[in-house]
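Below is a short report on the fold and overall dimensions of one model. The sequence and coordinates come first.

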Amino acid sequence: MEKIKGNYRRHRFLSLSSLNAKESGEMDPFQQGYDDGFIQGQEKGLAQGLIDGRQQGHEQGMQAGYSEGLKAGEASGKADFIDAIDPAQAMQKALEEARNQQLKDNTDSLCELVEQVARRVIHAELTLNPKQILGLVNEAVGRMDSSQGPLKIFLSSEDHQRLAKVGVNHCGAYPLLIDNSLGTGDCRLESKNQQLEVKTEERLETCMEQVRQELEADA
């Protein structure tokens, strides 16, 4: 069918009932039905709009509430976790400190024992083999500048006596002298412009410091 083109306006022909109602002065039944239908449709549309609006609002509110509740729950859970783990962390720290203190105490006890044993062994070796004292003295002589003139070598009276018993009164060309302030294994060398003092206890302390460092590194 060919469509009508251009500007046109729909025209409704009056029905027979409409014509009769118009002639009798009564209300047009079509218009009456139209008005009733309009009102009912408007009321239904309003009711449906309210229902749809409530449902949409409920869904949006629920979604917003869920998001906020989720954030609040996560924050609360995180705070509870931190509160719960704090005592455990404090306990772990206390245990670690106790363990470190125990290791330090063990290291101190072991170093003290090793030092006592080492000191006894050194004294025993120097007592039984007094010529080993000459080795220490020669080592000290090698650290002196020989161009500074003759040396004076001092030993403890005990070491001097032990060496004298085995016929040793000199170290090279230098006579061995006595200094009562020196201990076993100690020696002091003097020249015109130099002085060097070697003490067994200081060497032992240096060795023990190395032992301590190795023990602490292995802990």
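The protein chain exposes about 16,900 Å², and carbon and sulfur atoms supply 54% of that area (Shrake-Rupley method, 1.4 Å probe). This is a predicted model, in which local features need pLDDT of at least 70, side-chain atom pairs count only at pLDDT 80 or more, and totals for chains, interfaces and linings use all residues. Residues are numbered from 1 along each chain as its sequence is written, and side-chain values use heavy atoms, without hydrogens and water.

Of the 219 residues, 17% are buried (under 20% relative accessible area, 1.4 Å probe, protein chains only). The radius of gyration, taken over C-alpha atoms, is 56 Å, whereas a compact globule of 219 residues would have one near 17 Å (2.2 Å times the number of residues to the power 0.38). The C-alpha trace spans about 165 × 45 × 35 Å along its principal axes.

The chain has five helices and five strands (DSSP runs: H or I of at least four residues, E of at least two). Their order along the sequence is α-α-α-β-α-β-β-β-β-α. The strands form an open, mixed sheet ordered E2-E3-E1-E4-E5, where pairing takes at least two DSSP bridges. E2 and E5 are at the edges with a single partner strand each, so one side of each lacks a neighbour in the sheet.

| Strand | Residues |
|---|---|
| E1 | 152–155 |
| E2 | 170–171 |
| E3 | 174–178 |
| E4 | 187–190 |
| E5 | 195–198 |

E1 and E4 pair antiparallel over four bridges; Lys152 has Glu190 in E4 as its bridge partner.

Conventions:
Contact = heavy atoms within 4.5 Å. Axes fitted to C-alpha atoms, helices over the stretch in contact; angles between N-to-C directions. Buried < 20%, exposed > 50% of the residue type's maximum accessible area, 1.4 Å probe, protein only.
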